[in-house]
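Student: I've got a model open and I'd like to learn how to read its features one by one. Could you walk me through it?

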Amino acid sequence: MREKGRANPSGPAAQSNEGPEILRLKREIGLASAVSLIAGTMIGSGIFMSPQGVLHNIGSPAGSLIVWAACGLLATFGALSYAELGTIIKESGGDYIYMLRNFGPLPAFLYAYTSVIMVRPACVAAVSLSFAEYAVASFYPGCSSPQMVIKCTAVVCIVLLSLVNCLSVRLATSVMNVFTVAKLLALLVIVAAGMVLLARGQTQSFQNAFQHTKTDAGAIGIAFYQGLWSFDGWSNLNYVTEEIKKPEVNLPRAMMIAIPLVTCFYLMANVSYFAAMSPAELLSSGAVAITWGNKVLGSWVWLISLSVALSSFGSANGTFFCGGRMCYIAAREGHMPDILSMAHVRRLTPSPALIFTAVVSVVMVIPGSFSQIVNLFSFTAWIFYGVTISGLLYLKIKKSELPRSYKVPIIIPIIFLMASVYLVLAPIIDQPQIEFLYVILFILSGIIFYFPLVHFKCHPRFLRKLTLHLQLLLEVAPTEKNVN
């Protein structure tokens, strides 16, 4: 992630070989790796687990397919908007850095506080739990896997991911590339088998396909939460802008390749599910892909378990990769402890931030369940997506003179902002849950920490000494930006 270099001052000093040694961001992510980062993070456990949740909340096969298509369109609109932000503000950090530059330190700190402590670790924990569920399923045929075994396996997954990401950026991106190809092949098997079933006339699920469709705002919002969980990762490339080769070209290009590709695969996979199963069978399935495999592949169903486990592991790797960067960027801007802004002096990875993310993720695995984490994650994420897109509209209207290599039509971020407001308010109004209030209170609780620690910089004396000890123990050093 980082390359050692020397300062290059102007004047006579530039001729000297002496100068302060610094760590600077190294651009190692090309177009192929950028596409793999987006697609590899998006295609995780969601498409294998969320179809049941979408159908349960929307009520009909046709309504379910419309929700999936709308989720893909919404993710595309969001990605196009974020691509413009990434060409204006050429810094890593995604939503955090955009809020900081557009709205100031308090909103950015609240996002960092919520993201580092809850949102990103929750995402890693949820995907690791789904990996664990499928990884151990084959050892407990005909019965449910023990929760203790599932959670211990999820913890092992998180520890392994932290080790991979701490060792090398190139190793982490190589893992993403390999697992992205593997999961696309798995989806291709599901899609191809579905096309064969349709050709044989198995279209019963598509007769009266709109029957029992729910139209209340809260149910639609929760259905979108379940579907959009499968698209989470569409904005992850913005968290590593400083590590992308030619970001002004590859950032929008990678998004426009990855997201439509994933959307097409998701729609065709859902068609395959409905071709093999009735809506009632799909609703009663605890693991949609496994039920599909039992009906279509028979004794080869273990291939689906393996594919879903590999897919979840690859997605968790991408989420972990970007989640660690979020923590690291916030620390670099002074909104988190200094130690989290440092990189390993030889391996050139933000190992303190990655270790911190791993620890918090492990803590969230212990009491959490997949569905609880998904709904709380989605609600929180869409609050901040709306704030970030508001910043883009501000830049387009008030600072249209800023140079940018890519512009999105203003109607696209407006539609995305309206969708964000709907997805936040509809479940609260129509299906209020106490958990939503807890999330809002948690976000606002960041104000308690912001003023003494960030605004007034009242840091405990022992913190500096602790930072020095950790710096020596972890062999890390401060870093500088690379926005050239």
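Student: Fine, where do we begin?

Tutor: With a caution: this is a predicted model. Now let's take helix pairs.

Student: At what angle do helix H4 and helix H5 pack, and how far apart are their axes?

Tutor: H4 covers residues 95-103 and H5 covers residues 105-137; their axes are 7 Å apart, at an angle of about 165°. Angles over 145 degrees count as roughly antiparallel, so H4 is roughly antiparallel to H5. The crossing of this pair, H4 and H5, is right-handed.

Student: Which residues of H4 and H5 meet?

Tutor: On the H4 side, look at Asp95, Tyr96, Met99, Leu100 and Phe103; they meet Pro105, Pro107, Ala108, Phe109, Tyr111 and Ala112 of H5. By class, that contact of H4 with H5 has 10 nonpolar residues, no polar ones and 1 charged.

Student: What about helix H6 and helix H12: what is their packing angle?

Tutor: About 55°, with the axes of H6 (residues 147-167) and H12 (residues 302-332) 10 Å apart. H6 and H12 are therefore oblique to each other. The crossing of H6 over H12 is right-handed.

Student: How do the residues in the contact of H6 with H12 divide by class?

Tutor: Start with who touches whom. Cys157, Leu160, Leu161, Ser162, Val164 and Asn165 come from H6, and they meet Phe313, Ala316, Asn317, Phe320 and Phe321 from H12. In the contact of H6 with H12, 8 residues are nonpolar, 3 are polar and none is charged.

Student: Is the crossing of H1 and H7 left-handed or right-handed?

Tutor: Left-handed, as H1 passes H7. The axes of H1 (residues 31-42) and H7 (residues 169-199) come within 9 Å and cross at roughly 60°, and H1 and H7 are therefore oblique to each other. In H1, the residues Ala32, Ser33, Ser36, Leu37, Ala39 and Gly40 meet Met176, Asn177, Thr180 and Lys183 in H7. The contact of H1 with H7 divides into 4 nonpolar, 5 polar and 1 charged residues.

Student: On to rings. How many aromatic pairs does the count come to?

Tutor: The rule is that ring centres lie within 6.5 Å, and the count comes to 21 aromatic pairs. Take Trp234 and Tyr385: their ring centres are 4.9 Å apart and their planes sit at 45°, so the pair is tilted.

Student: Are Trp234 and Tyr385 buried or exposed?

Tutor: Buried means under 20% relative accessible area. Trp234 has 2%, so Trp234 is buried, and Tyr385 at 7% counts as buried.

Student: What kind of pair do Trp382 and Tyr385 make?

Tutor: Their ring centres are 4.9 Å apart and their planes lie at 80°, so Trp382 and Tyr385 are edge-to-face. Both lie in helix H14, 3 residues apart, about one turn of the helix. Trp382 counts as buried, at 4% relative accessibility.

Student: Which residues form one aromatic cluster?

Tutor: Tyr82, Tyr98, Trp234, Trp382, Tyr385 and Phe416.

Student: Last feature: how should I read phi?

Tutor: Most residues other than glycine have a negative phi. Here His212 has a positive value near 75°.

Student: Where is His212?

Tutor: In the loop between H7 and H8. His212 counts as exposed, at 63% relative accessibility.

Student: And what is the phi of Glu475?

Tutor: Positive, about 55°, although Glu475 is not a glycine. Glu475 is in the loop between helix H17 (461-474) and strand E4 (476-477). At 34% relative accessibility, Glu475 counts as partly exposed.

Key
Residues numbered from 1 in each chain as written. Predicted model: local features only at pLDDT ≥ 70, side-chain atom pairs only at ≥ 80, totals over all residues. Heavy atoms only, no water. Axes fitted to C-alpha atoms, helices over the stretch in contact; angles between N-to-C directions. Helix = DSSP H or I, 4+ residues; strand = E, 2+ residues; numbered from the N terminus. Parallel < 35°, antiparallel > 145°, perpendicular 65-115°, else oblique. Left-handed = near helix turned anticlockwise from the far one by under 90°. Contact = heavy atoms within 4.5 Å. Nonpolar A, V, L, I, M, F, W, Y, C, P; charged D, E, K, R; others polar. Phe/Tyr/Trp six-rings, centres within 6.5 Å; stacked < 30°, edge-to-face > 60°. Buried < 20%, exposed > 50% of the residue type's maximum accessible area, 1.4 Å probe, protein only.
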